[in-house]
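Colleague: Could you take a close look at one part for me, the place where the two chains meet? I'd like the cut-offs spelled out as you go.

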Amino acid sequence: MTNDANWDVVIVGAGAGGAAAAYGLCQQGVSVLLLDAGPQFDPTTDYPLTGSDWDTRDFPEKAGSVGAVTFAPGQKLIGDEPLLVSGSRGLGRLVTDGTRLMEKYKHVRGIGGTTLHFTGESHRIHPDAMKMKTRFGVGADWPIDYAELEPFYMRAEELIGVAGPQTQGARWRSRGFPLPPHPLSYAAQTLGRGAAALGLDWQANSRAALSLPRNGRPSCNYCGACNKGCPRGDKGSADVTFVAAALATGRCIVRPDSPVLRIEAGTNDRVAAVLVGRPDGSIERIVSPTLILACGAVETPRLLLASDGLANESGEVGRNFMDTLGVIVGAMHPEPQHGRRGLPDDAICWDYNAPDAVPGVIGGCRFYNACGESELKGLAGFALRAAEGWGRAHAQSVRHLWGHALSVGALGEKLPNRNSQVRLDPDKHDRFGIPLARISSWLDESDLARLRFMAAKSRELLAASGAADIFESYSSWDWFGATHVFGTCRMGADPATSVIDADGRSHRWHNLWIADASVFPSSGGGEAPSLTIHALSLRTAEKIRKAG
Amino acid sequence: MKRRGFIALLGALSLGGAAALWRNLVSFGRPHSSAHIAETVKAVTEMMFPGDGLPGATELGIHDRIIAMTSLQALMADGVVWLDARAVRQGTPNFLALDEVGKQAAIEEAFKSSDNAAREFVRTIRFHAGLAYYSEPVVEAAFPYTGPPQPEGFADFQNPPE
C-alpha cells in the first residue's frame with residue numbers, strides 16, 4: 001500500500017472494533033493511524049479504586065470522554081406492566097410521567113473505548129441468531145455464518161486471555177478457551193442452587209478477565225468492580241490487549257483527543273481524507289488511503305450522515321437501530337451473601353438464548369448473576385434503594401439487610417424496527433458545529449413479550465434460590481440506558497438494503513470499511529457484543545490486506 | 001439497558017425535573033431567612049439519619065453539605081415553606097417548634113403528599129443525606145465488606161461471608 005501518507009490505514013475509534021482492526025492490520029505488516037475522539041486514560045491514577053469514596057464514583061469522565069447525544073421523545077408507556085416497572089423499595093418508581101425515560105447512551109470515548117468500563121463478558125453470538133430472516137422470518141440475516149467467524153473468535157480470545165468453561169452449547173469451538181473458567185462466587189453458587197431446582201443450566205460465564213497470569217498481566221483478584229475500570233490490567237479491555245499489541249509491532253500510531261468531524265470524498269468512489277478537530281479548535285486534514293470507521297452504532301452513522309450522507313446509497317445508514325433489552329431484579333436472601341465479592345456476571349444461563357427458545361416469541365435472552373452489576377456494591381446505594389423509609393427504622397433495616405441482596409439480570413434480543421434509528425439532530429451541534437446524533441428507540445410488542453418473560457423468569461430464579469423478597473426491579477420497558485447498540489450500518493449482500501458488504505466494505509466506496517457493532521444485522525439473544533466486534537474486525541483487517 | 005448509574009441517575013432526577021419546575025412556580029415571596037431554612041434542613045436531616053448507635057448525620061456535618069448545594073436552594077426553600085405552613089395549621093409557629101413526634105409526622109406526610117414541593121423536598125434530602133451519610137468512613141466501618149475494591153480484592157469470594 002504505497003501512498004503519500006505516513007500510514008496505510010486510518011482507523012476512527014480505538015474501542016473494541018478499531019483496536020482489534022489495528023492489531024489485525026499491524027500484525028500483517030500494514031501501518032495504521034488509530035484516532036480516537038477521547039483521551040488516553042491512566043488506570044493507576046484515573047481509576048485506582050482504592051479511595052474511600054469508590055462506591056459513589058462511576059467510571060471517570062475526562063475531557064472529551066463523553067460524547068453528547070440527544071434523544072427523540074420516549075415511547076408512551078401503555079397499559080399496566082407490573083413486572084416491568086422500574087423502581088425500588090427505597091426510592092420508589094423511577095418513571096412517573098407515563099413516558100419511557102431516555103436516560104443515557106453509555107459510551108466511552110478514549111483509547112480502549114467502552115471496553116474500559118465494560119464488565120468483560122466475552123461471548124460468541126449464537127449461530128442461529130445470525131440467520132433471523134431465513135430461519136425465523138424476522139429481522140435480517142448476516143451475510144456470513146458462525147463458521148466464518150470462528151477462527152477470528154479464537155484469535156481474539158487468545159489475545160485477550162478469555163477464561164471460560166469446556167463447552168457453551170450451540171457455540172461450537174475449534175479449541176478450548178485459552179484459560180480455565182473462574183470459580184463461581186458465593187452468591188453465584190446460591191443462585192446456582194435455585195437454577196438447579198428449576199432445571200436450568202447455570203454455568204461459569206466466559207470472561208475477558210484473566211484466571212491465570214498471562215503475558216505480563218496479573219490474574220483477577222475478584223474485587224467486583226470491573227465497571228469502574230480495572231486498575232490492574234487483568235480485565236481484557238482493548239487498551240491493554242489489542243492496542244498494546246498493535247503498538248508492540250511498531251506499525252501503529254495512536255492519537256487520542258482527535259475527533260473526526262467529516263469524511264472527505266475523493267474521486268473514483270474512494271474517500272480521500274478525514275477532517276480532525278484539534279483541541280485548540282482548528283481542523284486538520286488527514287489523508288486516508290484506506291479508512292475504517294469504528295465509532296460504534298451511534299457515532300459511526302452520525303459521522304457518515306454528517307459527511308453529506310456518505311455511503312448511504314441504500315438509505316439504511318442510521319436505520320435498524322437496536323438496543324439491548326434488559327431486566328434486573330433484586331431480592332433479599334435470608335442469609336448474607338455479600339455478592340459484591342467476585343467477578344461480576346460470573347455465572348450465566350444460556351437455556352433461552354436461541355432465537356426460538358423463549359415461548360411464544362422469536363428472539364432469545366440469557367440470565368446471569370447480576371450482583372456485581374446492580375450497583376449495590378456500596379453501602380450508600382444499598383441503603384437508599386434496598387431499605388425503605390428513613391429514621392431509626394431505616395437505620396435498623398440497613399443494618400439487618402446489608403449483604404443479603406441477590407440480583408438476577410437478563411439481557412435479550414431487540415428486533416429492528418423502522419421507528420428505532422439514529423439521525424442527525426436538526427438543532428444541536430458539537431463545538432465544531434457538527435450535528436449531534438439523535439437516538440430514537442421504540443419497543444414493539446415482541447420486545448415487550450420478551451421482556452415480560454425475562455422479568456418473570458428472573459423472579460422465578462430468585463425465588464427458587466431463596467430470595468423471594470423483591471426490593472427492586474428495573475427494565476428497558478420504561479428506561480433506556482443502553483450500552484450495547486447495533487445495526488445502524490448493517491452488513492449484507494444486497495446493496496439496496498445494507499450499508500457494507502460481507503467483508504465489511506462499503507458497497508460503493510472502495511476504500512471505506514466499518515468495524516464496529518453498527519454492522520450487526522441482528523443483536524443476538526443478549527450476548528455481550530465485544531468479542532464478536534473483535535472477531536469481525538480481525539476478519540475485516542484480513543480482507544483489507546487481501547484487497548491490497 | 002446496561003446497568004450502571006442508578007445512583008447518578010436518581011440524583012439527577014431529584015435535581016432535575018422537580019427543581020426546574022419549582023423555580024418557575026415559586027421564585028417569588030419566600031418568607032424565610034436562609035438561617036431558618038438551614039436550621040430546618042438540619043432538623044429534617046437529623047430526623048432522617050439519626051445514627052441509631054452510630055454518629056448521626058448532623059453530627060457528621062452532612063446537613064451543611066446539603067445546605068451548600070446551590071442547585072437545591074429553591075427546592076429547600078419551598079420545602080420549608082410547606083413544612084412550616086403545616087405546622088402553623090396545627091397551632092405551632094413552624095416546623096422547628098414541633099416536638100420529635102410532630103416532626104416525624106410532618107415528614108411522613110410530606111413523603112405522601114400530593115404537593116410536589118413537599119414530596120420532592122423530603123425525597124431529595126433523603127437521597128443526598130443518605131448518600132453522604134452511608135459513604136462516611138465512620139459509618140461504613142460499622143458494616144462488613146464496605147472497603148474499596150483494591151488493592152486486596154476478595155480472596156474469600158467463593159466462601160460464605162465472615
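Modeller: Here is a walk through the contact between the chains, starting with the ground rules. This is a predicted model, in which local features need pLDDT of at least 70, side-chain atom pairs count only at pLDDT 80 or more, and totals for chains, interfaces and linings use all residues. Residues are numbered from 1 along each chain as its sequence is written, chains are lettered from A and ligands numbered from 1 in the order in which they are written, and side-chain values use heavy atoms, with hydrogens and water left out.

Chain B has eight helices and zero strands (helices are DSSP runs of H or I with at least four residues, strands are E runs of at least two, both numbered from the N terminus). Of the 162 residues in chain B, 53% are buried, meaning under 20% relative accessible area with a 1.4 Å probe, protein chains only; exposed is over 50%, and partly exposed is in between. Among contacts in chain B with a separation of 6 or more, 68% come from residues 24 or more positions apart; a contact here is heavy atoms within 4.5 Å.

Now the interface. Chain B puts 50 residues into the contact and chain A puts in 72. The size of an interface is often given as the accessible area lost when the parts come together. For chain B and chain A the buried area is about 5400 Å², with carbon and sulfur atoms giving 62% of it (buried area is the accessible area, 1.4 Å probe, that two parts lose on being put together, summed over both).

On the polar side, 22 residue pairs are in polar contact between chain B and chain A, both residues at pLDDT 80 or more. A polar contact is a pair of N or O atoms within 3.5 Å; within protein, one must be able to donate a hydrogen and the other to accept it, and residues adjacent in sequence count only if both atoms are side-chain atoms. There are also three salt bridges between the chains, each a side-chain nitrogen of Lys or Arg within 4 Å of a carboxyl oxygen of Asp or Glu. Glu100(B) and Arg392(A) form a salt bridge, at 3.8 Å from N to O.

As for which elements do the touching, helices 1 (6–15), 3 (34–48), 6 (100–112), 7 (116–133) and 8 (137–140) of chain B each supply at least two residues of the side facing chain A. The residues on that side of chain B split into 28 nonpolar, eleven polar and eleven charged, where Ala, Val, Leu, Ile, Met, Phe, Trp, Tyr, Cys and Pro count as nonpolar, Asp, Glu, Lys and Arg as charged, and the others, Gly among them, as polar.
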